[in-house]
Amino acid sequence: MASRDTVLKVTNLSKSYGPTTIVDNFNLEVREGEAVALTGRNGAGKSTVLRCLVGADRPTEGSVEVLGVKMSETNPEIRRNVATVIDDLDFFPDLSVVEHLDLLARAHGLDEADQLVDEVLEEVQLVPQSGQLPGTLSSGQRRRLALATAFVRPRRLLVLDEPEQRLDVEGVKWLGARLRAEKEKGLAIVMASHEPALVEALGCRIVELGGPRG
Amino acid sequence: MSRPGKKSRRQPQQRAPQPEPQVVPAEVQPAWGDVPEPVLVLHQDVNQLHGHEVDERQLQLLVKDWRRGRATRNIWQALGDAYVALFSFAVIAAMLISSIARAQALAAECSTEGCTTARGLLPWAMLAGVLGLTLAAARVFGPVLASAAEGFWLMDAPLQRSKMLARRLWAIIVAALVIGALVGALTAALTGGSLMAVGAWALGTGLAAAGITAFAAAEQGAERIWLVRILQAVISLVGLVVLLAVVATASGWISLTVTDALAVELGFAVAGVGLLLCIGAGLIARARLSQIRRARLQSGGSLVAGMQGAMFAMDFGLMRDILVEREAVARGHVRPTRGRSTGLASLIWRDVQRLFRYPRPLVLYFASMVVPYAVQALGLGRLTVPISALVLMAALVPFFTTLRVLSRTRGLARTFPFSTSQLRTAASAVPAILAGIWGVAVTAAFVGVGGSSMLGNSPAQAAMWALITAFAGFLAGIRWVSAKSANYNTPMVATSMGAMPPGLMFNLIRGFDMVALMSLPAIVGWSPWISVVLGVIIFSFLRMGGIDQEELKAMQEENKRQAAEARASIRGEAPAKSTEKIKVTRTKREGTRR
């Protein structure tokens with residue numbers, strides 16, 4: 001494990017909203033092929049930490065580094081390496097499911113986008129919906145599309161906020177298998193989850209926020 | 001059902017004596033361990049109760065009474081609170097009247113027969129525009145609609161839906177009449193028409209708009225949409241033909257005679273046709289009110305609710321987003337097309353593919369090319385630059401879908417491996433090309449085809465103004481789609497109307513500000529190069545996504561912290577934290593547990 005590169009390094013991260021401190025002095029290091037699950041009760045600060053990790057929020061104090069580069073949401077280098085599925089993802093209203101994935105793969109410079117997109121579509125079980133516009137998808141299907149956007153592009157770090165949300169039992173099982181396969185290929189994964197089965201399936205290192213459950 | 005008076009409303013009403021509820025143990029035994037046995041107390045059979053026939057009118061009055069009873073202030077108090085808004089409205093109205101007077105004076109300077117005829121034709125173009133927009137709005141909203149609450153609580157009740165909706169139908173028709181009349185009067189006044197002509201066109205446009213609204217309502221009752229679509233296309237085409245006729249007449253290519261007297265007669269003729277349509281279609285619509293599906297009524301109501309939310313934030317971009325989303329949902333499915341190229345070029349190609357998939361905005365885009373010619377034909381001189389740029393802005397907005405979505409949704413922008421400026425540049429490429437084509441196509445108008453050059457300069461300079469106008473429209477389009485919404489998380493500004501986020505009022509002028517800046521040199525007679533320099537500076541700002549206040553603040557705090565540390569190290573002290581935080585007490589706090 002020691003020979004593996006550090007992908008994510010969080011040092012003394014604190015985040016406050018006005019007088020309220022949500023996260024205080026949080027430290028984390030994630031290496032290649034390692035999965036970390038942030039757990040804790042509602043409001044413990046899991047999503048806040050994840051938002052800071054991907055640059056969606058700025059930490060009040062402390063620093064976040066990805067592959068040795070200081071986190072900035074707009075840095076193309078970071079955007080190239082970090083795939084995220086957190087709650088602020090939206091879609092183009094006029095592009096179909098398959099067109100979203102195709103555009104993203106091509107934007108990341110993948111020449112053989114067609115085959116990759118087809119495979120990802122099949123895996124997230126959205127082949128029948130490939131021509132549908134996002135506004136007509138169910139919440140579960142939208143979640144699958146959001147997850148698909150993470151698998152259709154190159155990545156070294158995957159950040160997921162409660163990825164099991166709105167997925168059916170089969171979907172959660174698939175997600176566990178997919179993430180485990182990604183981890184074995186060397187992907188670093190950080191996720192917040194309330195699903196013990198998923199955390200267990202992935203063999204995650206568990207980081208509990210806000211103290212242990214009472 | 002009788003309408004209760006104020007007293008009876010506010011005092012607890014006497015209830016009819018109710019029989020003592022009998023406790024009847026349920027026969028079904030629970031099978032859930034310790035769950036207590038349910039006790040059923042409802043013993044009356046609702047179907048056996050005597051029901052009165054519902055009087056829809058009384059029901060509506062009752063709802064109205066409830067609403068009034070819950071009002072916390074009357075209309076005069078509300079107006080008193082909003083005096084700043086009213087004062088602003090008065091100032092804007094005064095500016096508008098002044099602009100109309102100036103435009104009239106400018107138009108009057110051109111007294112050739114061509115100019116006069118062109119001015120006489122303009123109310124026709126405006127009539128077509130008003131009718132087209134009225135039909136579009138009627139199709140999107142209903143025109144007859146009901147709120148979600150009305151749909152759920154009232155439409156399901158055993159009452160005559162037509163009686164509930166009749167007043168709403170008439171109110172919509174009257175609203176169309178008033179708005180149409182105002183626009184008609186304004187256009188006739190702007191083109192220098194006599195008082196009689198202004199009155200005739202006000203009546204004509206108003207009644208025609210009312211008639212067309214009644215027609216759309218009648219079609220709504222018949223669950224048809226194709227007739228409305230065809231009529232909308234025909235009216236738009238007529239508008240374009242009239243606009244072309246304005247240009248052709250003023251340029252002397254065709255000869256038409258539209259005197260003021262004829263304009264008055266035609267205005268009254270339109271009013272007559274509009275009135276007939278209004279009465280005929282209105283009666284049919286009234287008869288078909290009961291046939292409108294509840295889902296159709298509610299969909300218009302929910303759209304209005306969404307629009308109101310966006311309106312409170314004065315976010316017109318959001319209003320458009322709601323409409324676009326709704327249209328996408330109605331369409332539901334497309335035939336997927338694979339993209340082309342890789343990297344940033346793939347984004348540009350996707351925008352090109354959009355042009356073929358959604359060609360409708362191209363109609364407005366091509367129609368907007370006529371505007372500079374028409375404005376020149378009307379002799380409005382230097383106003384050609386801002387007027388044409390504003391029209392181009394409106395025409396280009398639908399082509400900025402990628403930019404709009406990426407600026408609104410940070411999460412989606414984060415999935416692309418590009419910097420903000422790269423993304424924005426790629427997302428603006430297709431609209432930039434369209435603006436360039438537009439600039440070349442309208443150069444002849446600025447050079448002065450069919451008349452003198454409107455800016456009184458050399459042909460080369462006039463051509464430059466054409467391109468500057470296109471540039472202004474393009475920049476205004478970027479600004480309109482990508483400007484940040486008012487941020488309600490920042491400290492509010494105290495006003496007499498309550499707390500307001502600082503950027504709220506600027507939402508109103510987004511896009512217009514760019515046009516004003518770029519047109520200023522044309523209006524005051526400065527060199528076009530000033531506009532070019534301004535445009536380049538503005539574009540570089542818009543490309544970066546403006547100034548990131550949060551980033552600046554973070555940098556400022558970082559600098560402060562470093563300075564404090566440096567001072568502490570000079571004094572030989574341990575660096576202290578710059579701010580003391582108030583921490584939330586938790587049962588057991590651990591940063592990281594491994």
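**Close-up views of chains A and B**

**View 1. Contact between chain A and chain B in the predicted model.** Chain B puts 48 residues into the contact, and chain A puts in 53 residues. On the side of chain B that touches chain A, at least two residues each come from helix 12 (316-331), helix 13 (344-357), helix 17 (401-408), helix 18 (410-414) and helix 25 (549-571) of chain B. Helix 12 of chain B supplies the most, with five residues. Sorted by class, this side of chain B holds 17 charged, 16 polar and 15 nonpolar residues.

**View 2. Overall make-up of chain B.** The secondary structure of chain B consists of 25 helices and four strands. Chain B has 594 residues, of which 35% count as buried. Of the contacts in chain B that link residues at least 6 apart in sequence, 77% are between residues at least 24 apart.

**View 3. Hairpin of strand 1 and strand 2 in chain A.** Strand 1 (residues 6-17) and strand 2 (residues 20-31) of chain A run antiparallel and are joined by eight bridges. Within this pair, Lys9(A) is placed opposite Glu29(A) of strand 2. Two residues lie between the strands of the hairpin, and Gly18(A), in the turn, has a positive phi of about 60°.

**View 4. Pairing of strand 1 with strand 4 in chain A.** Strand 1 of chain A also pairs with strand 4 (residues 61-66) of chain A, in the antiparallel sense and over five bridges. Here Ser14(A) faces Glu61(A) in strand 4 of chain A.

Definitions and conventions:
Residues are numbered from 1 along each chain as its sequence is written. Chains are lettered from A and ligands numbered from 1 in the order in which they are written. This is a predicted model: local features need pLDDT of at least 70, side-chain atom pairs count only at pLDDT 80 or more; totals for chains, interfaces and linings use all residues. Two residues are in contact if their C-beta atoms, placed from the backbone, lie within 7 Å. Ala, Val, Leu, Ile, Met, Phe, Trp, Tyr, Cys and Pro count as nonpolar, Asp, Glu, Lys and Arg as charged, and the others, Gly among them, as polar. A residue is buried if 20 or more other C-beta atoms lie within 10 Å of its own, exposed if 12 or fewer, and partly exposed in between; C-beta atoms are placed from the backbone. Two strands pair if DSSP finds at least two bridges between them.
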